[in-house]
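Welcome, and thanks for taking a look at this one with us. Below is a short briefing to read alongside the structure, arranged by topic.

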Amino acid sequence: MDQATAPAPTGFHLWDPEEDDILVCRAVREETHDVKTFVFAPRTRRRFVFDPGQFLTFEFEIDGETIYRCYTISASPTRPDTCSITVKRVPNGPVSNWLHDHFKPGMTLKATGPMGEFSWARHVSASGKYLLISGGSGVTPMMSMTRAAYDLAEIRDTVFLHAARTPADIVFEDELAMMSRRNRSIRVAHVCESDAPGRSWPGLRGRLSAGMLEAVAPDFREREVFVCGPSPFMNAVRAMLQGAGFDMARYHEESFNFEELSPGEKAEVETAAEEMAPAARTFRIEFAKTKRVVECPEDMPILEAAKRAGLRLPSSCTKGLCGTCKSKKVSGEVEMTHQGGIRQREIDAGQILICCAKPRSDVVIER
Ligand SMILES: Cc1cc2nc3c(=O)[nH]c(=O)nc-3n(C[C@H](O)[C@H](O)[C@H](O)COP(=O)(O)OP(=O)(O)OC[C@H]3O[C@@H](n4cnc5c(N)ncnc54)[C@H](O)[C@@H]3O)c2cc1C
Ligand code: FES
């Protein structure tokens with residue numbers, strides 16, 4: 001019996017996006033001035049099964065364009081009848097602003113997942129101690145994990161350190177304080193860069209530093225560490241931990257913004273490209289809507305060749321997992337090695353993930 005057909009213990013069925021990928025918005029909640037939570041339920045009564053920290057990929061139709069975006073489930077799997085995402089407005093971002101301005105209870109979205117490895121269910125700490133470090137909207141996977149620990153009344157030694165711009169930007173402040181008060185194994189600390197209008201910040205102030213980490217979790221070297229936030233924030237935390245002699249085998253990160261590679265990753269991509277360049281045949285990739293053409297070596301994913309030619313295309317994980325780069329192939333052949341970010345019926349309908357599709361002929365893509 002598979003997941004879709006197996007009845008859940010209470011007699012409910014489990015949500016299976018292969019069967020019905022439509023989710024109905026049940027509620028929209030304002031968290032801060034620029035963060036909202038959207039609560040979803042399947043069309044028929046079904047339960048969600050996921051590890052706290054995993055994400056869903058949503059399909060949006062905005063101004064005649066189909067756009068894919070990933071959102072971490074901020075709710076806990078212990079409350080499986082609904083699931084929620086918590087979205088921060090990104091200046092000029094098409095999807096986050098559309099959600100904030102237009103998405104209302106009763107409206108629907110297509111979603112697939114859950115996906116992702118970023119969960120303490122998948123990286124269990126040998127010492128039983130955890131350190132969750134988030135910046136900005138990176139709070140969501142940490143919230144799901146903390147809510148799950150709280151609901152299950154787990155005694156799981158957790159330090160949750162969240163960095164926000166001002167106290168007005170702290171998401172879930174009251175709920176975190178309540179969970180920490182009632183389950184003493186959850187400790188929460190916030191660090192703010194500055195005061196908010198009308199609210200001064202008496203706590204840790206400035207950018208997250210090694211000194212603050214030592215003060216909040218002096219035993220951080222014994223902890224399994226999870227980090228999520230914008231790329232510059234994660235780069236800084238990674239460097240800080242490396243500098244402090246932390247065992248990076250126990251470091252786990254999730255980026256919400258994969259566009260900016262770290263300098264090390266950039267160097268790796270460039271070296272790999274240089275190494276394969278001389279032998280590789282190249283094919284012509286045409287982007288039909290934008291009327292751009294790029295040359296793509298046979299050993300290079302189409303997305304990578306497009307980026308090198310200066311095209312800005314939607315992408316996140318760049319490894320065939322999240323579905324953000326899904327595009328319609330009008331003609332041509334590709335070889336694609338994905339990791340679950342696309343369904344067989346989508347492949348059959350001519351869709352590809354351009355981050356993990358290498359050309360085997362000239363290709364035309366509907367973008
Ligand atoms: C696995 C995964 C999980 C995610 N979970 C969440 C989540 O729980 N909550 C959430 O709000 N977002 C989350 N995101 C980001 C989300 O998918 C969108 O990228 C975001 O909502 C912006 O979409 P947009 O279309 O409005 O703007 P885009 O056109 O995607 O982005 C506009 C610009 O802003 C940058 N940017 C994108 N997201 C952010 C951000 N959060 N902070 C700062 N800069 C950003 C982009 O790199 C780009 O330069 C997640 C992304 C991934 C890959
Ligand atoms: S960018 Fe994630 S699947 Fe392509």
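A salt bridge here is a side-chain nitrogen of Lys or Arg within 4 Å of a carboxyl oxygen of Asp or Glu. By that cut-off arginine 250 and aspartate 247 form a salt bridge, with their closest N and O atoms 3.9 Å apart. Please keep in mind that this is a predicted model. The notes below start with charged pairs, then move on to strands, a helix and some backbone details.

**Salt bridges**

- The structure holds 30 salt bridges, and side chains of opposite charge can pair when their charged atoms come close.
- Another salt bridge brings together the side chains of aspartate 21 and arginine 343, at 3.4 Å from N to O. This pair links distant parts of the chain, 322 residues apart: aspartate 21 sits in the loop between β1 (13-14) and β2 (22-32), and arginine 343 in the loop between β18 (334-336) and α8 (344-348). Both aspartate 21 and arginine 343 are buried.
- Aspartate 157 and arginine 223 also meet through their side chains, with an N to O distance of 2.9 Å.

**Strand β10 and its neighbours**

- Seven of the eight residues of β10 are buried, so the rest of the structure largely encloses this strand.
- β10 runs parallel to strand β9 (residues 129-135), and seven bridges join the two. Within this pairing, glycine 135 stands opposite alanine 163 of β10.
- Which helix does the chain pass through on the way from β9 to β10? The path goes through α2 (residues 139-151), and this β-α-β crossover is right-handed.
- β10 also pairs with strand β11 (residues 186-192), again in the parallel sense and over seven bridges. Here phenylalanine 160 has valine 188 in β11 as its bridge partner.
- From β10 to β11 the chain crosses through helix α3 (residues 173-182), in a β-α-β crossover that is right-handed.

- Leu176, Met179 and Ser180 are the buried residues of α3. They lie on the same side of α3, because they cover an arc of only 95° around the axis.
- An α-helix has 3.6 residues a turn, so residues three or four places apart point the same way.
- The buried residues of α3 pack against α2, β10 and β11.
- Asp174, Arg181 and Arg182 are exposed on the other side of α3.

**A five-stranded sheet**

- Five strands make an open sheet with mixed pairing, in the order β16-β15-β21-β17-β19.
- β16 and β19 (351-353) stand at the edges with a single partner strand each, so one side of each has no neighbour in the sheet.
- From one strand to the next, the twist averages 40°.
- Inside this order, β15 and strand β21 (residues 363-365) run parallel and are joined by three bridges. Glutamate 286 stands opposite valine 364 in β21.

**Backbone details worth a look**

- Most residues other than glycine have a negative phi, and most peptide bonds are trans.
- Where is a cis peptide bond found? The bond from glycine 113 to proline 114 is cis, with omega near 0°, and proline 114 has its place in strand β8 (residues 108-115).
- Asparagine 92 is not a glycine, yet has a positive phi of about 65°. This residue is found in the loop between β7 (83-88) and α1 (94-102), and asparagine 92 counts as exposed at 78% relative accessibility.
- Lysine 291, also not a glycine, has a positive phi of about 55°. Lysine 291 lies in the loop between β15 (282-287) and β16 (292-297) and is exposed, with a relative accessible area of 69%.

Methods: Residues numbered from 1 in each chain as written. Chains lettered and ligands numbered in written order. Predicted model: local features only at pLDDT ≥ 70, side-chain atom pairs only at ≥ 80, totals over all residues. Heavy atoms only, no water. Helix = DSSP H or I, 4+ residues; strand = E, 2+ residues; numbered from the N terminus. Buried < 20%, exposed > 50% of the residue type's maximum accessible area, 1.4 Å probe, protein only. Pairing = 2+ DSSP bridges. Right-handed = clockwise from strand over helix to strand, strands pointing away. Axes fitted to C-alpha atoms, helices over the stretch in contact; angles between N-to-C directions. Arc of directions from axis to C-beta. Contact = heavy atoms within 4.5 Å.
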